[in-house]
Amino acid sequence: MKQVLIFAEQTAGELRPVALELLGAGRQLADKLGASLSCVVMGHTITHLPSLLIAGGADLVYIADNPALETYRTLPYRRVFIDLIASMEEPPHIILLGSTTTGRDLAPRIAAYLETGLTADCTELDIGPYEHTSALDPTKVGLYENCLYAIRPSFGESLKARILGPWKNPQMATVRPSVMIALPVDTARQGAVQEIPVVLQAEDLGLVVLETLRAVSESVELAKADVIVSGGYGLGSTEGFGLIHELASCFENSAVGSSRKAVDSGWIAHAHQVGQTGKTVRPKLYIACGISGAIQHRVGMDKSATIIAINRDANAPIFKFAHYGIVGDLYQIIPEMIQQLKQGTPSNISKAGEANVLTYTL
Amino acid sequence: MNSFVLIKQVPDQSAKAGVNADGTIDRAKAKRMLNPFDCFALEAALQTKRLYGATVTAITMGPPPAIEILYEAIAHGVDRAVHLCDRRLAASDTLATAYALYNTVRYAGAFDLVFCGLQTTDGDTAQVGPQLAERLQVPQVTYCESFEVQRDKLIARRVTESGTQVVECPLPSVVTVANSAHRLAYKTLRGVQRVHQLQRDEVERNQVIRTVSLDDIQADPVRCGLKGSPTIVAATEKVGEIGGKCVLFQGKSIDTMVSGLLTDISLAELVQR
């Protein structure tokens with residue numbers, strides 16, 4: 001039977017959200033293919049995880065529980081992974097990993113070992129046919145069924161690219177965290193659990209983790225914030241972020257984000273960056289200030305429930321996907337917003353309720 | 001000690017030149033630049049020269065103009081360079097690129113550390129470094145922020161989502177450098193003078209910058225370029241609009257537009273009490 005295999009990442013015995021997101025995405029692909037959905041989880045004292053993974057959509061959980069796997073290290077995890085694939089009668093049709101620092105560290109090693117294709121940082125996945133007609137490489141010409149469509153933004157271009165590699169299985173991809181949707185937890189789901197052997201070689205154990213310093217960084221707040229106020233190149237200076245912070249502080253559970261250009265200009269730390277090379281966020285409200293809305297930024301935030309854009313250029317791409325926009329000078333608009341928000345005391349900012357409309361009296 | 005640094009020339013996306021009406025990039029017309037992520041890798045490699053007396057070799061794969069970034073690297077203090085330049089490399093994906101670079105590294109000789117940028121701004125995959133490490137069968141440290149070398153070991157700090165990790169890694173190894181690492185220092189006067197000398201003196205240039213083909217590095221052409229790439233870009237599509245029409249406020253007074261916006265939208269649950 002065809003198999004879709006996902007890598008279920010965990011740290012300290014806790015599944016990363018991307019593991020369940022991958023199961024959600026993998027379930028759809030497996031159902032389209034008539035395939036089974038399996039996942040591999042590695043770590044130490046993680047016997048509580050398989051039931052969570054089955055409830056999240058897995059038909060089969062491969063588990064490798066070993067002290068040497070407690071903290072992620074490239075080569076031990078690589079070894080267990082490639083040994084697992086070698087033990088299968090046929091390789092999985094598809095393998096998915098999250099585009100986390102771990103997934104981006106591990107996936108290319110496995111793909112290179114297997115000499116197969118790998119598409120980075122996908123934002124959409126699908127299954128479909130593909131006919132290769134280009135005579136430049138005659139060995140590839142033909143009609144292929146059940147191809148993985150790995151879809152990702154084409155960098156620096158306002159395009160999405162559909163990338164395929166149907167010539168060899170597994171067809172591999174890494175998937176951006178916070179993009180795919182996890183399935184509702186179903187504890188009644190049935191699935192199998194299979195322990196897999198951990199046979200490490202001496203050369204797998206050369207690298208030693210000396211220390212892990214847990215950082216409570218801004219990035220954590222960014223992922224969990226209900227409201228994100230982001231500043232871009234249009235701010236013109238690092239001082240502009242003072243205003244962004246002030247606007248953010250008008251909201252409960254808020255955080256400050258930024259575009260890549262503002263980070264590259266040295267106005268704010270990389271931890272605040274939203275987009276292709278930064279964080280993916282989906283807050284209830286995203287306010288983009290002086291951000292043009294290039295695809296690199298967009299892929300990190302366009303799943304936000306409500307997007308407000310403030311930009312002086314009415315033709316800026318951000319207005320093509322924002323829900324609300326104000327055209328004008330952010331240095332005039334933001335102070336006015338702060339003032340109006342602060343004047344709106346709890347009594348006259350009433351709960352919106354079903355109508356979803358706020359009556360705002362000054 | 002031998003340090004290699006892998007660098008790439010990419011289109012300058014902030015420049016308007018070379019951007020077609022449909023949003024694609026015309027690489028022939030676009031302004032070219034050193035991949036910004038590689039600046040951090042270059043600085044890390046030069047650090048091994050300053051601190052440990054390493055010989056630093058810059059390696060690039062690309063069409064003839066890519067020699068510009070090798071000059072740039074030499075101006076910063078790199079000792080020698082290898083330029084893999086071959087038409088048969090066109091349309092390489094990451095697997096084929098890693099294979100070609102693997103053979104180039106082998107050609108360039110023994111190494112202790114290979115530094116790569118985290119990713120490139122044109123491909124943005126972050127895959128080539130680890131794929132190269134796999135081919136070389138050495139360990140890797142990705143997302144490296146800072147490091148020191150102690151005898152035959154690398155002590156490195158790497159950044160992950162859950163915090164900073166300190167690892168000890170045997171040499172030789174591949175290191176991909178995070179963009180939170182040290183910024184590239186200025187070009188050195190000696191380096192700049194050396195570049196001027198190389199641009200004038202062809203014999204010396206050919207000694208310092210080796211331009212090689214697939215045959216020179218003994219790479220199998222079938223595993224390179226289009227033929228050696230298991231993935232292809234099958235289709236591209238314009239990114240559509242989402243969320244329907246944007247409710248746009250413009251051309252009115254600031255307070256009218258802001259109150260219009262705040263009236264239209266439900267913020268009650270989100271505002272700080």
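Trainee: What makes α3(B) largely enclosed by the rest of the structure?

Mentor: Of the 15 residues of α3(B), 13 are buried, so this helix is largely enclosed by the rest of the structure. A residue is called buried if 20 or more other C-beta atoms lie within 10 Å of its own, exposed if 12 or fewer do, and partly exposed in between, with C-beta atoms placed from the backbone. Please note that this is a predicted model, in which local features need pLDDT of at least 70 and side-chain atom pairs count only at pLDDT 80 or more, while totals for chains, interfaces and linings use all residues. Residues are numbered from 1 along each chain as its sequence is written, and chains are lettered from A and ligands numbered from 1 in the order in which they are written.

Trainee: Why is α3(B) called a helix, and how does its reach compare with the span expected?

Mentor: The name follows from DSSP, because helices are its runs of H or I with at least four residues, strands are its runs of E with at least two, and both are numbered from the N terminus. The 15 residues of α3(B) reach 20 Å from first C-alpha to last, close to the 21 Å expected at 1.5 Å a residue. That expected span is 1.5 Å times one less than the number of residues. Just after α3(B), G109(B) takes a positive phi of about 110°.

Trainee: Why does V78(B) count as buried?

Mentor: V78(B) has 27 C-beta neighbours inside 10 Å, so it meets the cut-off and counts as buried. V78(B) lies in the loop between α2 (67-75) and β5 (80-84) of chain B.

Trainee: Which residues are in contact with V78(B), leaving aside its neighbours within four places in sequence?

Mentor: They are V56(B), A58(B) and A73(B). Contact means that the C-beta atoms of two residues, placed from the backbone, lie within 7 Å. The C-alpha atoms of V78(B) and V56(B) are separated by 5.3 Å, although the two residues are 22 apart along the chain.

Trainee: Is Q137(B) buried or exposed, and how do you know?

Mentor: Q137(B) has 10 other C-beta atoms within 10 Å, so it is exposed. Its place is in the loop between α4 and β7 of chain B, and its phi is positive, about 55°, although Q137(B) is not a glycine. Q218(B) counts as exposed because it has 9 C-beta neighbours inside 10 Å. Q218(B), in the loop between β11 (209-212) and β12 of chain B, has a positive phi near 60° and is likewise a residue other than glycine.

Trainee: In what order do the strands of the open sheet stand, and which are at the edges?

Mentor: The 6 strands stand in the order β15(A)-β14(A)-β16(A)-β17(A)-β18(A)-β13(B), with parallel pairing. β15 (254-258) of chain A and β13 (247-249) of chain B are at the edges with a single partner strand each, so one side of each is left without a neighbour in the sheet. From one strand to the next, the twist averages 15°. Helix α9 (residues 330-343) of chain A packs on the sheet, touching β16 (285-289), β17 (306-311) and β18 (324-327) of chain A, and its direction makes about 135° with that of β17(A). Such angles run from 0 to 180 degrees between N-to-C directions, with axes fitted to C-alpha atoms, for helices over the stretch in contact.

Trainee: How many bridges join β14(A) to β15(A)?

Mentor: There are 5 bridges between β14 (residues 227-231) of chain A and β15(A), which run parallel. V229(A) stands opposite V256(A) in β15(A).

Trainee: Which strand pairs with β8(A) in the antiparallel sense?

Mentor: Strand β9 (residues 142-154) of chain A pairs with β8 (residues 124-132) of chain A over 8 bridges. I127(A) stands opposite L148(A) in β9(A).

Conventions
Pairing = 2+ DSSP bridges.
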